[in-house]
Amino acid sequence: MFMEDYVFHLDRYMSQKQFERIKKFTKKKKTPFLLIDLDVVKRKYMELASTFENSTIYYAVKANPMNEIILLLNSLGSYFDVASIYELDQLLNLKIDPERISYGNTIKKKDEIKYFFDRGVRLFVTDSEEDLLNIAQQAPGSDVFFRILTEGTGSDWPLSRKFGAHPDVIYNLIIQAKEFGLNPTGISFHVGSQQRDIGQWDDSIARCKYLFDAVKEKGIHLKMINLGGGFPANYREQTNPIQDYAMEIKRYLYEDFKDYLPKIHLEPGRSIAADAGMIISEVVRVSNKSKNSFYRWVFVDIGRFGGLIETLDESIKYPLFFDRKGKSENVIIAGPTCDSMDILYENFKYRIPRTLKEGDRLYIFTAGAYTQTYSSVAFNGFPPLKSYILE
């Protein structure tokens, strides 16, 4: 499959032998579905752990909560960032130690905080006075860290505005936490998902240093910085390797903190799960809407409501591969539901073989994160996205 400024090279994602193995394994499975390769999950985790040595990795369960992934990461020594009591229950049912779990959602109810605390979780994030008071009441004596606001500039999927607070607000929260009998441990931030601008960590780390120094004057010694996620997956546009991210981020830390480096927590999700997954879909129809139209429409059996919500505003551009040869053309690609917003790519044109026809398969690479968890329960009656582990 060709694009105006991009040629799909299979060997950027896997060998021909690996691809043939996938085709054989999935040949008789009804589309659409997600296929996960656990060997890739392990490789991506170990790569991150080795480049950010002496850090603690809290896998963001929301990226892909498949039991097989959780159990594998647990065996590798991972900790876990969870966002709800439902994710917590899943992990506890899998015998994950609650001491390895962080409640990483700033938006939570009183009874949910108590639910976590009663089950042994002692690490909570916050970004507001109201939430901090709830933690003090429902999880007394717990460790808390504080999320600062970031802009998310340079990321494909920004996470600004809704989460975090200005450093001036966070400063007061840290002081209050001590007064409430909690243990303020550190600062967190998230520079945006699939962050391409490594320099965004520089500004956020500098804000952390400001807060470390400011509260130290009040007798509070913070010990940890949570760098969040944002590390890249292998989508259509190439990014710097994770080693470059680690080298620069460690340089920023040394520049600000010198020899008194804080403990480092990471909350990766996409960078561990995305490259491990492939969605296999099927072409429903290829058609023209006008005799004067420049572009044909390609309708496939998965869309925004089936797990590809990150194509909203065409933010995440998945690598797409049709296993056909021949001359190519620009097309519009849309999902199967009766909703006019279920269009995956219209402004950004993918080029596909003109020989494409109904029943052909579409292979969507780098689809292991934020796909199955985003799929709707029954819009138009379509079931949630199925998933399989590659054997």
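Q: Which residue forms a salt bridge with Arg236?
A: In this predicted model, Arg236 pairs with Glu237, and their closest N and O atoms are 3.4 Å apart.

Q: Is Arg236 buried or exposed?
A: Arg236 is buried, with a relative accessible area of 6%.

Q: How many salt bridges does the structure hold?
A: There are 16 of them.

Q: Nice. Which residue does Glu47 meet in a salt bridge?
A: Glu47 meets Lys44, with an N to O distance of 3.3 Å. Both sit in helix H2, which covers residues 38–51, and because they are three residues apart, about one helical turn separates them.

Q: Why does that spacing matter in a helix?
A: An α-helix has 3.6 residues a turn, so residues three or four places apart point the same way.

Q: What about Asp213, which residue is its salt-bridge partner?
A: Asp213 bridges to Lys209, and the closest N and O atoms are 2.6 Å apart. Both residues belong to helix H8 (residues 200–216), where they are four residues apart, about one turn of the helix. Asp213 is partly exposed, with a relative accessible area of 35%.

Q: Changing topic: where is Glu267?
A: Look in the loop between strand S13 (263–266) and helix H10 (270–273).

Q: What is the nearest side chain of opposite charge to Glu267?
A: That is Lys62, 5.7 Å away. Glu267 is buried yet has no salt bridge, because a salt bridge needs a side-chain nitrogen of Lys or Arg within 4 Å of a carboxyl oxygen.

Q: Then which side chain does Glu267 have a polar contact with?
A: With the side chain of Asn226, at 2.8 Å. Asn226 is also one of the residues in contact with Glu267 once neighbours within four places in sequence are left aside; the others are Tyr58, Ala60, Asp81, Phe145, Gly228 and Gly229.

Q: Let's zoom out. How many helices and strands does the chain have?
A: The chain has ten helices and 20 strands. Its radius of gyration is 22 Å, close to the 21 Å that the globule rule gives for 391 residues, so the chain is as compact as a globular protein of that length.

Q: What box do the C-alpha atoms fill?
A: Taken along the principal axes, the box is roughly 70 × 40 × 40 Å.

Q: And what share of the residues count as buried?
A: Of the 391 residues in the chain, 56% are buried. The chain exposes about 17900 Å², with carbon and sulfur atoms supplying 49% of that area.

Q: Can you show me some buried residues? Which ones does helix H6 have?
A: Helix H6 (residues 129–138) has Asp131, Leu132, Asn134, Ile135 and Ala136 as its buried residues. Their cover includes helix H5 (110–118), strand S7 (123–126), strand S8 (143–147) and helix H7 (167–179).

Q: I'll pick Leu132. What is its relative accessibility?
A: Leu132 is at 0%, so it counts as buried. Not counting residues up to four places away in sequence, Leu132 touches Thr126, Phe146, Leu173, Gln176, Ala177, Phe180 and Leu182.

Q: How far apart are Leu132 and Phe146?
A: They are 14 residues apart in sequence and 9.6 Å apart in space, C-alpha to C-alpha.

Q: Last topic, the backbone. Which peptide bond is cis?
A: The one from Thr31 to Pro32 is cis, with omega near -5°. Pro32 lies in the loop between helix H1 (16–26) and strand S3 (33–36).

Q: What is phi of Asn54 near?
A: Phi of Asn54 is near 65°, a positive value in a residue other than glycine. Asn54 is in the loop between H2 and strand S4 (56–60), and it is exposed, with a relative accessible area of 80%.

Q: And Lys258, what is its phi near?
A: That phi is near 55°, again a positive value in a residue other than glycine. You'll find Lys258 in the loop between helix H9 (242–257) and S13.

Definitions and conventions. Residues numbered from 1 in each chain as written. Heavy atoms only, no water. Helix = DSSP H or I, 4+ residues; strand = E, 2+ residues; numbered from the N terminus. Buried < 20%, exposed > 50% of the residue type's maximum accessible area, 1.4 Å probe, protein only. Lys, Arg positive; Asp, Glu negative; His and termini not counted. Polar contact = N/O pair within 3.5 Å; in protein donor to acceptor, adjacent residues only side chain to side chain. Contact = heavy atoms within 4.5 Å. Rg over C-alpha atoms; globule rule 2.2 N^0.38 Å. Areas by Shrake-Rupley, 256 points an atom, 1.4 Å probe, with all protein chains shown as cover.
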